[in-house]
2 protein chains.
Amino acid sequence: MKFIDEENIDFGIMLSKNGLSQTSFRKKLIKLFHLSNSSLSIDEVINGLHNNVDKATVYRALNAFEENGLIHKVPDKDNLLRYALCQKECSPTKHSHNHAHLLCDKCNSTYCLNDFKIPIENNYNGFIVSNSKIILEGRCVDCQ
Amino acid sequence: MKFIDEENIDFGIMLSKNGLSQTSFRKKLIKLFHLSNSSLSIDEVINGLHNNVDKATVYRALNAFEENGLIHKVPDKDNLLRYALCQKECSPTKHSHNHAHLLCDKCNSTYCLNDFKIPIENNYNGFIVSNSKIILEGRCVDCQ
DNA sequence: GTATAATTGCAAATGATTTGCGTTTTTATT
DNA sequence: AATAAAAACGCAAATCATTTGCAATTATAC
C-alpha cells in the first residue's frame with residue numbers, strides 16, 4: 001500500500017523531466033505503475049490499460065522508461081521479465097537497486113523491500129560491483 | 001580456481017546418485033561444469049564439448065540436472081540463462097543458493113561468492129522466503 | 001539377456017521480445 | 001499558432017532462446 005496521493009502527480013511533467021515525450025499512452029502507463037504497489041508483467045500492463053494496446057508499443061515504452069531511469073526489470077521464477085518503478089535515487093545514467101525484491105513463486109506478486117539494506121561491498125577480490133539484484137523467492141501472505 | 005582433483009571424481013556415479021541416467025553425453029557435461037570455475041551459457045557448454053552436440057539435448061540435460069539439484073540457473077544482464085554447479089547443500093527437492101554471484105557485465109564471466117553470507121530472514125511481514133538469488137553486477141579483474 | 005523406461009538427434013513449434021515501415025502525434029522553432 | 005523535424009504508434013513480420021514431437025538409440029531393472 002502506497003500512501004502517495006496519485007491525484008497530485010503530473011505524469012506528463014514526470015515524463016518530460018526524464019527526457020520522455022508526453023503521449024497519452026505513456027502517461028497512462030507511468031500512472032499505472034504508480035497506482036500499482038508491485039511489479040507488473042507485460043500482460044498485467046496490457047490488462048491494466050483497459051483500451052486495446054499493442055504489445056510492441058508497450059515493450060518500446062517500457063524500454064524507454066528503463067533507459068531513462070523510471071523503471072527497472074526484475075526476472076520472475078521462469079525468467080520472464082517484470083517491470084517495477086525505480087526508487088528515487090535512480091537516474092538515466094545510473095540505476096541503483098540496492099534493495100531486495102520479494103517474489104511470490106505462486107502468484108508472481110512482487111514487493112520491494114526498501115528498508116532491507118544489504119551489506120554489499122564495492123570490491124570483491126578485484127571485482128568491482130556496480131549494481132546488485134537481490135530476489136527473495138517464496139510465498140506471499142495470500143499464497144501460503 | 002578450484003582445488004578439487006577432477007580425476008578422482010566418478011561422474012557416472014555422481015549422476016546415478018542424483019537420479020540421473022549415466023550416458024556418455026551427460027558424464028561429459030557434468031565433468032565440463034566441474035572443470036569450469038564459473039557459470040556457463042548454452043553456447044559455452046556447446047563449445048566446451050568438442051563433438052557436435054544438439055542444443056535440444058543440451059537443454060534437456062541441463063533441465064534434468066537442475067531438477068535433480070546438480071546445477072542452477074543464473075540470468076545474465078540480458079536475462080539469458082547461464083548454468084552453474086550447485087553447492088553441496090543442494091538436493092533434488094530443495095535448492096539453496098544463499099550466496100552471491102558476481103557477474104561481469106562485459107564478458108559475462110560469473111563467480112560464486114560462497115563465503116558471502118547475506119543476512120536474510122525467513123519471514124518478511126508474513127512473506128515466507130524459501131530461496132534467494134543475489135547477483136552482483138560489475139566488472140571482473142580482466143575487464144576493468 | 002530381455003523388456004521397459006529414459007535419452008538422443010533431428011526438425012518443427014512456441015513464445016517472448018524486437019524490428020521495419022508508413023502513419024500519426026509530439027516537440028522545437030518561428 | 002503554424003510548421004518542420006523528431007519521436008511514437010500500430011500493424012505485421014522477423015528474431016532468437018527455449019521447448020516439443022517423434023522415431024531411433026541407449027540405459028536400467030528384473
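How far is a phosphate oxygen of DNA strand C from an N or O atom in the side chain of Tyr59(A)? The distance is 2.2 Å. Keep in mind that this is a predicted model.

I'll stay with the DNA for a moment. Tyr59(A) is one of 18 residues that surround DNA strand C. The closest also include Gln22(A) from chain A, and Thr23(B), Arg26(B) and Arg60(B) from chain B.

Helix 4 of chain A gives the most, with 4 residues. By residue type, the surface near DNA strand C splits into 7 nonpolar, 7 polar and 4 charged.

Now the two protein chains. Chain A superposes on chain B by a rotation of 179° with 0.0 Å of shift along the axis, at an RMSD of 0.1 Å. The copies are therefore related as by a two-fold rotation axis. Both copies use the same surface, since 100% of the contact residues of chain A recur in chain B. Within chain A, the residue whose C-alpha comes closest to the axis is Ile134(A), at 2.2 Å.

Last, the aromatic pairs. The count over all chains is 2. In one of them, Tyr111(A) and Phe127(B) have ring centres 6.4 Å apart and planes at 75°, so the pair is edge-to-face. Why does this pair join two chains? Tyr111(A) is in strand 5 (residues 110–113) of chain A, whereas Phe127(B) is in strand 7 (residues 127–139) of chain B. Tyr111(A) is partly exposed, at 30% relative accessibility, while Phe127(B) is buried, with a relative accessible area of 3%.

Phe127(A) and Tyr111(B) also pair edge-to-face, with ring centres 6.4 Å apart and planes at 75°. This pair joins two chains as well, because Phe127(A) lies in strand 7 of chain A and Tyr111(B) in strand 5 of chain B. Here Phe127(A) is buried at 3%, and Tyr111(B) is partly exposed at 31%.

That's what I have.

Technical notes
Residues are numbered from 1 along each chain as its sequence is written. Chains are lettered from A and ligands numbered from 1 in the order in which they are written. This is a predicted model: local features need pLDDT of at least 70, side-chain atom pairs count only at pLDDT 80 or more; totals for chains, interfaces and linings use all residues. Side-chain values use heavy atoms; hydrogens and water are left out. Copies are superposed by least squares on the C-alpha atoms of residues with pLDDT of at least 70 in both. Contact means heavy atoms within 4.5 Å. Rings of Phe, Tyr and Trp (its six-membered ring) pair if their centres lie within 6.5 Å; planes under 30 degrees apart count as stacked, over 60 as edge-to-face and the rest as tilted. Buried means under 20% relative accessible area, exposed over 50%, partly exposed in between (1.4 Å probe, protein chains only). A residue is near a molecule or strand if one of its heavy atoms lies within 4 Å of it. A polar contact is a pair of N or O atoms within 3.5 Å; within protein, one must be able to donate a hydrogen and the other to accept it, and residues adjacent in sequence count only if both atoms are side-chain atoms. Ala, Val, Leu, Ile, Met, Phe, Trp, Tyr, Cys and Pro count as nonpolar, Asp, Glu, Lys and Arg as charged, and the others, Gly among them, as polar.
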